[in-house]
Amino acid sequence: MRLLLALSALLLPLFAQAWGNHTPMCYRAFERVPEVAGAAPVKAEPLVDFLRDQEPAIARTLDAQEAWARQQLVNHAPRPEALRFVPDAGRSDAERRAAFIAALRLAPSSRLALYLQPDPREAAPARPSLEAAVVTVVRPAAGSTQRFVALQPGEAVAPLAVLASACDEPDYGHDLNLFDDNPGHPDYGFGKQPFGNPAVAIGSQAPFHMGFFHQGAIFNALAPNFARTFTEMRVQQYGGLAVLAWQTGHAYWGWRFAGMALHHVEDLTQPYHASAAPGATLAHMMWVNLKAQLGAPADRQGLVVLQGNRHFVLEQFQTRWIIDAARQRRDGPLELALRDAARDGRYPPWSPAYVREVVAAEAFAAGPATDAAVVVGAPAKFVSDPNLDFAANEARFGPELARDLQGQREALLGQVAELLGHFGAHSRNSLRGLLSQAGGTMPH
């Protein structure tokens with residue numbers, strides 16, 4: 001008899017973000033890559049300029065992407081016909097922008113403003129800061145490290161800054177409340193949210209930023225909803241638009257869309273985004289879930305809390321290290337790993353299968369070692385006590401974690417360096433793949 005597992009409880013909706021702020025890590029990963037650091041400045045332009053100029057080509061690109069997804073992605077949710085991006089020279093720029101966002105099936109509130117997130121390693125820019133609400137619909141959490149400045153149309157800007165800034169952008173609300181059981185959802189055809197709590201807005205983006213492709217046949221049979229993720233779709237959408245923008249003289253949006261595509265690749269280098277529970281065997285997950293169904297949910301809830309806490313500790317450790325090192329202009333093992341281009345050639349060339357078969361497979365395999373390193377490297381109260389919910393008490397426990405990690409962090413530091421080596425290599429390989437599709441020459 002088939003056992004119906006409520007395994008979606010193992011994914012905490014609070015952990016839809018994988019690596020905290022992607023931008024500082026992307027500056028390190030690309031700052032010595034000639035294709036990026038040596039690229040000529042590009043002119044910033046509003047999104048509507050690109051849409052107006054290339055409307056027919058964009059329509060063809062989006063239709064081709066949807067046809068590909070229906071054929072290649074097993075759990076793809078077909079785009080409703082009413083959402084097709086159909087050229088219409090007579091509509092307003094606002095209508096054209098809304099139609100484009102709907103065709104991509106992004107949140108209607110997506111900002112897509114002109115902005116940069118400066119490298120925290122560099123001196124603070126002279127220009128005034130930009131309110132976060134102009135860039136993101138997600139309210140910054142306590143301790144948020146994102147800082148924004150405005151770009152003006154026509155302003156010359158370094159491709160590295162555009163790319164690195166956009167690598168963090170999909171976390172700014174693009175994928176919030178898109179499922180049929182989310183509050184205020186648009187009619188996008190995604191069906192019900194496959195895992196997480198549909199009433200918690202930030203958790204609704206998780207299926208677009210996670211990919212559980214390697215759990216195995218038994219897990220997939222018991223928890224088929226976990227296979228309904230849309231990360232590959234987003235990579236293809238943003239990546240295809242980057243190629244088109246480069247090919248048609250809109251280099252700013254080429255780098256911008258490329259960064260958005262890389263974000264979803266980078267999320268899957270995080271083991272807690274490629275595995276339902278890296279620190280637990282399938283047998284243990286089945287056992288605690290069965291106990292919960294029989295009226296004893298404590299062990300299952302404990303597993304949820306522990307996995308969430310460990311994910312959160314890993315992200316907090318990585319984020320604090322990267323930001324502190326950048327502000328001090330200090331190079332340590334994480335920075336060296338992010339720049340380590342010698343890793344790039346260890347992987348096969350970029351292809352549509354790269355996200356699933358290379359990136360996610362590697363992260364899934366790294367799950368047990370990562371979970372073990374967190375347990376060894378962090379104070380036990382934060383990673384081994386199922387009665388302490390770290391995520392719900394970040395303001396209280398965050399400083400204590402930062403202080404107490406100083407003497408116990410070497411194992412954790414080594415594992416995070418390995419993971420960020422993957423992050424850097426896959427980011428560079430993905431970008432090279434997109435540049436190659438654009439024609440094999442550097443866009444200007």
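Reply: Helices here are DSSP runs of H or I with at least four residues, and they are numbered from the N terminus. By that rule E55 is in helix α4, which covers residues 55-72. Keep in mind that the model is predicted.

Start with E55. The cut-off for buried is under 20% relative accessible area. E55 has 5%, so it counts as buried. What touches E55, leaving aside neighbours within four places in sequence? The contacts are F85, V86, P87, D88, A89, R91 and R96.

One of those contacts, F85, leads on to a group of rings. Ring pairs join F85 with F50, F100, Y252, W253 and F257 in a cluster.

Take helix α10 (residues 251-267) and helix α19 (residues 410-437). Their axes come within 10 Å and cross at roughly 140°. An angle over 145 degrees would count as roughly antiparallel. The pair α10 and α19 is therefore classed as oblique. The crossing is right-handed. Which residues make the contact? From α10 they are W255, A258, A261, L262, V265 and E266. From α19 they are F423, H426, S427, S430, L431, L434 and L435. Sorted by class, this contact of α10 with α19 has nine nonpolar, three polar and one charged residues.

Helix α19 also crosses helix α13. The axes of α13 and α19 come within 11 Å, at an angle of roughly 80°. The range for roughly perpendicular is 65 to 115 degrees, and α13 and α19 are therefore roughly perpendicular to each other. On the α13 side the contact uses L314, F317, Q318, W321 and I322. On the α19 side it uses L412, L413, V416, L419 and L420. The classes for α13 with α19 are nine nonpolar, one polar and no charged residues.

Stay on α13 for one more residue. F312 is found in this helix. F312 has 9% relative accessibility, so it counts as buried. From F312 to A325 is 13 residues in sequence and 20 Å in space, C-alpha to C-alpha.

Most residues other than glycine have a negative phi. R329 has a positive phi, near 50°. L112 also has a positive phi near 50°. L112 sits in the loop between α5 (93-104) and β2 (115-116). Are these two residues buried or exposed? L112 has 8% relative accessibility and so counts as buried. R329 has 52% and so counts as exposed.

Back to the rings. Aromatic pairs come to 22 in the model. One of them joins F179 and F190, with ring centres 5.9 Å apart and planes at 55°, so the pair is tilted. F179 and F190 each lie in the loop between α7 and α8 (217-222), so the pair ties together parts 11 residues apart in sequence. Both F179 and F190 are buried.

F382 and F397 make another aromatic pair, with 5.7 Å between centres and 65° between planes, and this pair is edge-to-face. It links distant parts of the chain: F382 is in helix α17 (residues 380-383) and F397 in helix α18 (residues 394-404), 15 residues apart. F382 and F397 are both buried.

The loop between α17 and α18 holds A392. A392 is exposed, at 56% relative accessible area.

Last, helix α7. Why is α7 called largely enclosed by the rest of the structure? Eight of the eight residues in this helix, 159-166, are buried, and that is the reason. They are P159, L160, A161, V162, L163, A164, S165 and A166.

Notes
Residues are numbered from 1 along each chain as its sequence is written. This is a predicted model: local features need pLDDT of at least 70, side-chain atom pairs count only at pLDDT 80 or more; totals for chains, interfaces and linings use all residues. Side-chain values use heavy atoms; hydrogens and water are left out. Buried means under 20% relative accessible area, exposed over 50%, partly exposed in between (1.4 Å probe, protein chains only). Helices (H or I, at least four residues) and strands (E, at least two) are DSSP runs, numbered from the N terminus. Axes are lines fitted to C-alpha atoms, for helices over the stretch in contact, and angles run from 0 to 180 degrees between N-to-C directions. Angles under 35 degrees count as roughly parallel, over 145 as roughly antiparallel, 65 to 115 as roughly perpendicular and the rest as oblique. A crossing is left-handed if the near helix is turned anticlockwise from the far one by less than a right angle, and right-handed if clockwise. Contact means heavy atoms within 4.5 Å. Ala, Val, Leu, Ile, Met, Phe, Trp, Tyr, Cys and Pro count as nonpolar, Asp, Glu, Lys and Arg as charged, and the others, Gly among them, as polar. Rings of Phe, Tyr and Trp (its six-membered ring) pair if their centres lie within 6.5 Å; planes under 30 degrees apart count as stacked, over 60 as edge-to-face and the rest as tilted.
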